[in-house]
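Please look over the sequence and the model shown here. A short report goes with them.

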Amino acid sequence: MNSALNYKIQVTRDATVSVFDLSQEIDADYIAKKVLEFRDLHPESNTSNVIGWHSSYFTHKQSDVFNNLIDIVEQKVSNVINDPDCKISVVHMWTIVYEKGDGTVRHNHFDTMYSAVYYASVQPNSSPLKFDGGLTIIPEPGMLVVFPSWLFHEVPAMRFQHKRITAAFNLNCSLKTYEERLA
């Protein structure tokens, strides 16, 4: 018998979305300034489901200016997972500058375990982060949102004339080595 019987089933599962206030750990204005400087150096936008400018998915390999933010994001995702044998690391990191009319169509990040978005500059009327299941997050400067990568989400088009500046991350878990687990 060379063929398999395939069955499609519909399952529902819970998803935890964690929100952190990093305003005491990261200078949001500094990150926003560095994102805009990065955009000036790399004005060509990456092609994706984002309507608006965004950097390469490997921004963390193009610049070390975001290393402190990356370290904190990895720590927060590790706290969410709470598995002492799991070493969390950023796989993709990109920055986004949304302006009036910009947004992101509904999508997920199927190829990693966790995703996160850090809000460097937002106004009270900036577009929210909307998840399937009805959860809507109203962004604030210094906020970090962590969620399972399979969870569908979107950003409605910006309605007002100001910038919404973010850094986004995809992260994976690798098993710590024996030595790392002993440390």
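The report below covers basis, cores, a surface patch, the disulfide and salt bridges.

## Basis

This is a predicted model: local features need pLDDT of at least 70, side-chain atom pairs count only at pLDDT 80 or more, and totals for chains, interfaces and linings use all residues. Residues are numbered from 1 along each chain as its sequence is written, and side-chain values use heavy atoms, with hydrogens and water left out.

Helices (H or I, at least four residues) and strands (E, at least two) are DSSP runs, numbered from the N terminus. Buried means under 20% relative accessible area, exposed over 50%, and partly exposed in between (1.4 Å probe, protein chains only). Accessible areas come from the Shrake-Rupley method with a 1.4 Å probe; for residues, only the protein chains shown count as cover.

## Nonpolar cores

A nonpolar core is a set of buried Ala, Val, Leu, Ile, Met, Phe, Trp, Tyr and Cys residues joined through side-chain atoms within 4.5 Å. The largest one has 29 residues. Ile31, Leu69, Val73, Tyr118, Phe169 and Leu171 touch the most other members. At least two residues of this core come from each of α1 (28–41), α3 (67–81), β4 (86–98), β6 (114–121), β9 (143–148) and β11 (164–175).

## Surface patch

Leu5, Tyr7 and Ile9 make up a nonpolar patch on the surface. Together they have about 450 Å² of accessible area. Patches are made of residues with over 30% relative accessible area and no salt bridge; like charges are joined within 9 Å, nonpolar side chains (Val, Leu, Ile, Met, Phe, Trp, Tyr) within 5 Å. Ile9 sits in the segment before β1 (18–21). Ile9 counts as exposed because its relative accessibility is 69%.

## Disulfide

The structure holds 1 disulfide (a pair of cysteine sulfur atoms within 2.5 Å). Cys86 is joined to Cys173, S to S 1.8 Å. The pair links distant parts of the chain: Cys86 is in strand β4 and Cys173 in strand β11, 87 residues apart. Cys86 is buried at 7% relative accessibility. Cys173 is partly exposed at 30%.

## Salt bridges

There are 6 salt bridges (a side-chain nitrogen of Lys or Arg within 4 Å of a carboxyl oxygen of Asp or Glu). One of them pairs Lys76 with Glu25, the closest N and O atoms being 3.4 Å apart. Lys76 lies in helix α3 and Glu25 in the loop between β1 and α1, so this bridge ties together parts that are 51 residues apart in sequence. Lys76 is buried, at 11% relative accessible area. Glu25 is partly exposed, at 34%.

Glu99 meets Arg39 in a salt bridge (3.1 Å, N to O). Glu99 lies in the loop between β4 and β5 (103–107) and Arg39 in helix α1, so the pair ties together parts 60 residues apart in sequence. Glu99 is partly exposed, at 26% relative accessible area; Arg39 is buried, at 19%. Glu99 also meets Lys163 in a salt bridge (3.7 Å, N to O). Lys163 is in the loop between β10 (153–155) and β11, 64 residues from Glu99. Lys163 counts as partly exposed, at 31%. Salt bridges that share partners also join Lys33, Lys34 and Glu37 into one network.
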